[in-house]
Amino acid sequence: MLTSKNCQGEKIQYLQQLILRLIGLIYAFAFSSWYYQIPALYANNGLMPISKMEWYDVTKMPTLLQLYKKASFLTMITIVGTLIGLLAFASSKFIKWYTFFILWVLYLSLYTVGQDFSQFQWDIMLLETGFICIIFCITPIVGRELLRWLAFRLYFSSGLVKLLSQCDTWWNLTALHHHFASQCIPHFLSWWAHQLPGELKKLMVASNFYVLIFGAIYFYFPRRFMRIFGFILQFLMQIGIILTGNYNFFNLLSIVLAMVVLDDHFIYKYFPSQIKQFINMPKTIEEFDQKENKRIYKYSEIVICFYMTGVLIYNFFPYETIMQGKKLPFTVQDIGKYFLTEDTLTYFLLYVLTFFFFYITYFNLQNATAQSTMAAITQTLIKIVVFITMFSMSNLTFQQGIGLRQINSPIIPQQYLQYIQGYTYPFHLFNSYGLFRKMTGVNGRPELIFEGSDDGNKWLEYHFHYKPGKLNEISPFVVPHQPRLDWQLWFASLQENPSDLYLIHLVYKMLDGQNIEDFVSSNPFQKKPPKYIRINKYLYYFTNVTEMIQTGNFWKRIWKSVYLPSISLQDSQLQSIKQKYEFESAANKSKEKPTQLPLWTLIVSVIIYAFY
């Protein structure tokens, strides 16, 4: 049974258990999503074979695959990671520091060899969160404050970098006019969100800035109610993103991080009984039941929260900006003046440290007995050193991520931090965040359409499982799964010409007549491969309601350019690339789809074992 000391004057025994079990579930989501994609991506005949990648020593490439460089071992890692993550979620007896250490090592091993298909912010965010969870198991107070600091950096940076990028769509609040259609893999609810009135979408962008920037600051307010209000704001925004886009486990992980500002009392009062039963919280806790419920104070705090929200949105995002298409009434220089000056950063960083010092010294030392005072002092000093080191390192990446050249570090000098950063970088313990700095697809969503032909005149289209292609189809809701190839093709469409090896390899497979069922949903050349392949770039747009009724199409498109000119299997450049990177040919490879272990059978077995 999980045990935890009280910290921060707020009991977090059950909060700690809930957060750690949810992190275990997110690990399981991430590993299982990888599991089904590994043969197609990393097997000997995959797009980027593990056995043929360039290897470095373990300090630069920290991965268990240094022991056995085969895709089958990578598959085994995903199976073990899925099962351990589910065990951590299913039963509190598996919430141990070594459980999360194993999960972190396994995911780091997977991420390190993922190449183009693992270069996403949520992958490194899961690694950083997972490492902090090891500390959270050992010392809840340090782990909680590191998670709070991570949640702040994630949300605050994500809001700030959008403004610092000086992208017009963010500054005139029209980003959502393009986002729902231009995001990586929109689904059917994305189409409906796109149909919302323009003024409402502008208000949503304004609210997004308020929630990300000010909601993150609320995490460090002295008043408990304001910290909880910050969580509620982030929770509502993340649910909105989940409902309108396919962002795998990212938003689920973001919600769990924001939960760190809650406490046992909030869970006891407001969480559903099923969740409380799941974490073995007693139905009655006398200490919580006896707390005075001073409604006048609670209602006054609610009024203050709504008043602050209204005042901030009204002043920073006035009516004229939303209704009349004007830009925001402040500048990038104003942001630097109020948020990024040396004095402002110093005061805030010292406040965060004071926030931590107050809780750890008061609630650790105050409760220490006379016989254990020296031990308590020693433990407290160790916790302070751990927190300051990790806080200072993550502060370095935080300030680098928002574009500051002169790093403000109030305790450890910058040169020492950068020295440590060079050694720890391959482990991704400290990262910077900030999605959608500049809005893509402002003039239309670029989309790559693969086409094959037998004669160079009649061309037939290939369509992929998730990315847009057919005008009358749209991706299903696939959260928490991430189809890595479809995501990467979205990034490839932002380039003018093909430069990614996996894309060239995919073209080669199509021309060579290899099994491509893992990649495409419709192959017009199943019996005989085409003689030619080309890739055209189109601009896709969501239809409006009237167009949908008339045509039944979610999309309309216009041709933009030739991305890859017509190419044949005998093309000299393609053959040169084949020889250099040792592409396997259909003549040496069976077209049968490789079999995998029945993952879901194993998962069900583990869950039954955990509960019974």
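## A span to start with

The end C-alpha atoms of residues 203-221 lie 25 Å apart. This span is 79% helix and 0% strand. Helices (H or I, at least four residues) and strands (E, at least two) are DSSP runs, numbered from the N terminus.

This is a predicted model, where local features need pLDDT of at least 70, side-chain atom pairs count only at pLDDT 80 or more, and totals for chains, interfaces and linings use all residues. Residues are numbered from 1 along each chain as its sequence is written, and side-chain values use heavy atoms, without hydrogens and water.

## Transmembrane regions

Residues 203-221 carry the feature "transmembrane region" in an unreviewed UniProt entry. Residues 97-114 are 89% helix and 0% strand, and their end C-alpha atoms lie 26 Å apart.

## The whole chain

The chain holds 26 helices and six strands. Of its 612 residues, 56% count as buried, that is, under 20% relative accessible area with a 1.4 Å probe, protein chains only.

Residues 24 or more positions apart account for 75% of them.

## Where α6 meets α18

Two packed helices are described by the angle between their axes and the distance between the axes. Helix α6 (residues 140-164) and helix α18 (residues 332-339) pack at about 145°, with axes 9 Å apart. Axes are lines fitted to C-alpha atoms over the stretch in contact, and angles run from 0 to 180 degrees between N-to-C directions.

From α6 come F156, L160, L163 and L164; they meet V332, I335 and F339 in α18. The contact has seven nonpolar residues, no polar and no charged. Nonpolar covers Ala, Val, Leu, Ile, Met, Phe, Trp, Tyr, Cys and Pro; charged covers Asp, Glu, Lys and Arg; the others, Gly among them, are polar.

Terms used. UniProt positions renumbered as here; feature names shortened; annotations may be inferred. Contact = heavy atoms within 4.5 Å. Buried < 20%, exposed > 50% of the residue type's maximum accessible area, 1.4 Å probe, protein only.
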